[in-house]
Amino acid sequence: MVLPRDMEIALKALPLTYDRVLGCLDFAYRVWGNGGAHMPVTVKQREASLRAALGEFVSMEQALKRDLQGNSRRVIRISDSPNPLLHVVRELRNLEMHLHSATLTSLTRDASFADQDIKLEIWVADDVTETEFQRLANAKNYSDEDITRMLSWFNQAQKEWGIADLIYRCVCEYSKAIVSKYRLQAGSAR
């Protein structure tokens, strides 16, 4: 799990934010990866990695604020995104830290890689329910209809692609917004 090269180079201009990106991607990979024959990964280790990945993702906001300290530009927040995936994952972090811990289960998907059919193992968390989501402080920022639609999509999407892939997509999307807002380019400085 790596960012597109140009995005990665541009984000290096924001070292604290970039560190959170790397941490999030590393932990998300640990949710998905098998650890190899010599280091099998337990379900509990995957669940801990999920919590860590969510924490690193949300902490990108605070790291960005520190990276931009002394800069008059407003910090772009995860909640500024029009993409509902970022909103759900941000709130999933709050749910995991404050209300409950998800149980991960594995599913097998048929996939094609290098012109070969393979079986791909993905990991999914318990469905996020509307009742759980409504208990979060930020639930007031969303209509009941939006919550229903966001959670329905999220719960289905993770069963197709796995929760690690959804976290990866969040990191890419938020990183893309940061690079665009602050006009970062490969080799750019603040």
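## Aromatic pairs and a charge over a ring

Three aromatic pairs are counted in this structure. One of them joins F133 and Y142. Their ring centres lie 5.9 Å apart. The planes make an angle of 65°, and the pair is edge-to-face. The model is a predicted one.

How accessible are the two partners? F133 has a relative accessibility of 2%, so F133 counts as buried. Y142 has a relative accessible area of 13% and is buried too. The cut-off for buried is under 20%.

A charged side chain also meets a ring. R169 lies over the face of W161. The distance to the ring centre is 5.7 Å.

## Packing of α2 and α3

Two packed helices are described by the angle between their axes and the distance between those axes. Helix α2 covers residues 15-32, and helix α3 covers residues 43-67. Their axes come within 8 Å. They cross at roughly 170°. That angle makes α2 roughly antiparallel to α3, because angles over 145 degrees count as roughly antiparallel. The crossing of α2 and α3 is left-handed.

Which kinds of residue make up the contact of α2 with α3? There are 15 nonpolar residues, four polar and seven charged.

## Y18 in helix α2

Y18 belongs to helix α2. Is Y18 buried or exposed? Its relative accessible area is 11%, so Y18 is buried.

Y18 can also be placed against R93. The two residues are 75 residues apart along the chain. Their C-alpha atoms are separated by 19 Å.

Most residues other than glycine have a negative phi. A114 is not a glycine, yet its phi is positive, at about 50°. Where does A114 sit? A114 is in the loop between β1 and β2. Strand β1 spans 104-113, and strand β2 spans 116-125. With a relative accessibility of 60%, A114 counts as exposed.

R183 is another non-glycine residue with a positive phi of about 50°. R183 lies in the segment after α7. Helix α7 runs over 163-181. The relative accessible area of R183 is 71%, so R183 is exposed. The cut-off for exposed is over 50%.

Key
Residues are numbered from 1 along each chain as its sequence is written. This is a predicted model: local features need pLDDT of at least 70, side-chain atom pairs count only at pLDDT 80 or more; totals for chains, interfaces and linings use all residues. Side-chain values use heavy atoms; hydrogens and water are left out. Rings of Phe, Tyr and Trp (its six-membered ring) pair if their centres lie within 6.5 Å; planes under 30 degrees apart count as stacked, over 60 as edge-to-face and the rest as tilted. Buried means under 20% relative accessible area, exposed over 50%, partly exposed in between (1.4 Å probe, protein chains only). A charge sits over a ring if NZ of Lys or CZ of Arg is within 6 Å of the ring centre and within 35 degrees of the ring normal. Helices (H or I, at least four residues) and strands (E, at least two) are DSSP runs, numbered from the N terminus. Axes are lines fitted to C-alpha atoms, for helices over the stretch in contact, and angles run from 0 to 180 degrees between N-to-C directions. Angles under 35 degrees count as roughly parallel, over 145 as roughly antiparallel, 65 to 115 as roughly perpendicular and the rest as oblique. A crossing is left-handed if the near helix is turned anticlockwise from the far one by less than a right angle, and right-handed if clockwise. Ala, Val, Leu, Ile, Met, Phe, Trp, Tyr, Cys and Pro count as nonpolar, Asp, Glu, Lys and Arg as charged, and the others, Gly among them, as polar.
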